[in-house]
Amino acid sequence: MGKRILIADDEPNIVVSLEFLMERHGYDIRVAGDGEEVLRAVEEFRPDLILLDVMLPGKSGFEVCQKLREDPAWQGVKIVMLTAKGRDTEVAKGLALGADAYITKPFSTKELIAQVKKLLGEQIA
């Protein structure tokens with residue numbers, strides 16, 4: 001079984017694409033569609049990395065990121081903000097809250113996989 005990735009997004013087309021891409025690269029996947037569900041899934045699934053959309057129902061991705069970074073138990077979980085909100089202020093906010101990377105939609109699948117592998121300490125092919 002590969003490393004665990006939590007996909008946190010409420011857009012069905014994005015979720016399907018990300019699931020396919022991550023499973024193709026050997027990752028174990030779980031999906032959460034809103035901020036509260038993300039926090040529950042982190043407790044249950046214990047992901048190695050979270051692909052976190054900023055615009056989630058309920059708690060935003062920014063709020064989720066901040067909450068996870070405030071808890072020492074989740075300091076080692078890598079967080080990639082993956083969102084259409086790509087203005088400099090949003091990127092800066094995501095990184096300041098503790099995200100390890102910030103990728104804007106639409107994104108290159110090669111760039112995303114390279115970033116995921118880098119953050120998980122895996123060889124980039």
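1. Contact here means heavy atoms within 4.5 Å, and by that criterion Leu-52 touches Ala-8, Gly-61, Val-64, Cys-65, Ile-79, Val-80, Met-81 and Leu-82, with residues up to four places away in sequence not counted.

2. The model is predicted, with local features needing pLDDT of at least 70 and side-chain atom pairs counting only at pLDDT 80 or more, while totals for chains, interfaces and linings use all residues. Residues are numbered from 1 along each chain as its sequence is written, and side-chain values use heavy atoms, with hydrogens and water left out.

3. Leu-52 belongs to the largest nonpolar core, which has 23 residues and in which Leu-6, Val-38, Ile-50, Leu-52, Leu-68 and Met-81 touch the most other members. A nonpolar core is a set of buried Ala, Val, Leu, Ile, Met, Phe, Trp, Tyr and Cys residues joined through side-chain atoms within 4.5 Å, and buried means under 20% relative accessible area with a 1.4 Å probe, protein chains only.

4. At least two residues of this core come from each of E1, helix H2 (35-45), strand E3 (49-52), helix H3 (61-70) and strand E4 (78-83), and H2 gives the largest share, five residues. Helices (H or I, at least four residues) and strands (E, at least two) are DSSP runs numbered from the N terminus.

5. Asp-9 sits in the loop between strand E1 (4-8) and helix H1 (12-24), and Asp-9 is buried, at a relative accessible area of 4%. Beyond its neighbours within four places in sequence, Asp-9 is in contact with several residues, among them Asp-53 and Lys-105.

6. The side chains of Asp-9 and Lys-105 are joined by a polar contact of 2.8 Å (a pair of N or O atoms within 3.5 Å; within protein, one must be able to donate a hydrogen and the other to accept it, and residues adjacent in sequence count only if both atoms are side-chain atoms).

Terms used. Buried < 20%, exposed > 50% of the residue type's maximum accessible area, 1.4 Å probe, protein only.
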